[in-house]
Amino acid sequence: MIIEESQDVDHSEIIEKVMGEEPKIASALKNFCSMKLADGDQDQAARTMKMARALSLAINAHILPQPPQIAVYKVLFKMRQMLSSRENAKATQLFGRTLLEFVLSDVRASVESSVPDGEREQLSSFLDAFQLELEKVDSLVWCRDFNAEIEKRHAQRREEAKQRANKEEEQQVQYMRDQIGALVRDARNDGYEGNTSGAGLE
């Protein structure tokens, strides 16, 4: 959502859109961790939560540079300045996707430089995956209602599986009919027409 500055830009609309974005960054991070931890062990869970916390802290501490002539960024810059004067206010709890699209690359560099070399590869993998979700149009991580969307997708997969099972059953039935039909044709070709008169049974 990049809007070049012009005389006609309505900053109030931008503010309303930015502040109305759901989920907020903190919730998106929780959603992302839930997905990552679905098949992980306790050790992996602890590492994942540690990386998510490091990213969250870096986002909250990030200072936006002076804005270019981009309307959305200028609004974010002013709002971020106002947030700095509020005690215990966190950017990750107040902003959503738009802010992250502007700051993630800078925040990422900061986070990666702050960890020991031995942890950097795993952190980079974590950040790669999170950035990929940010770039996806239909990302589950950025759904307004994460749990409802999961249930919707599960229901869709169940329905697709049911349809596949029904199709396979129909194919099996048709296969059996074809095989029986072939047997009947072969029998007739061999001269067997069946006997319903009783002749030849004495």
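What you're looking at is a predicted model, where local features need pLDDT of at least 70, side-chain atom pairs count only at pLDDT 80 or more, and totals for chains, interfaces and linings use all residues. Residues are numbered from 1 along each chain as its sequence is written, and side-chain values use heavy atoms, with hydrogens and water left out.

Start with the layout: the protein chain has eight helices and zero strands. (Helices are DSSP runs of H or I with at least four residues, strands are runs of E with at least two, and both are numbered from the N terminus.) Of the 202 residues, 31% are buried, meaning under 20% relative accessible area with a 1.4 Å probe, counting protein chains only. Now take contacts, meaning heavy atoms within 4.5 Å: among those between residues at least 6 apart in sequence, 63% join residues at least 24 apart.

Let's zoom in on helix H3, residues 42-61. The buried residues of H3 include Thr 48, Met 51, Leu 55 and Ile 59. What covers the buried residues of H3? Helices H2 (25-37), H4 (71-84), H5 (91-94), H6 (97-113) and H7 (117-135) are among the elements that do.

Finally, the cysteines. Cys 33 is buried, at 4% relative accessible area, and Cys 143 counts as buried too, at 14%. With a disulfide taken as a pair of cysteine sulfur atoms within 2.5 Å, the count comes to zero.

Conventions. Buried means under 20% relative accessible area, exposed over 50%, partly exposed in between (1.4 Å probe, protein chains only).
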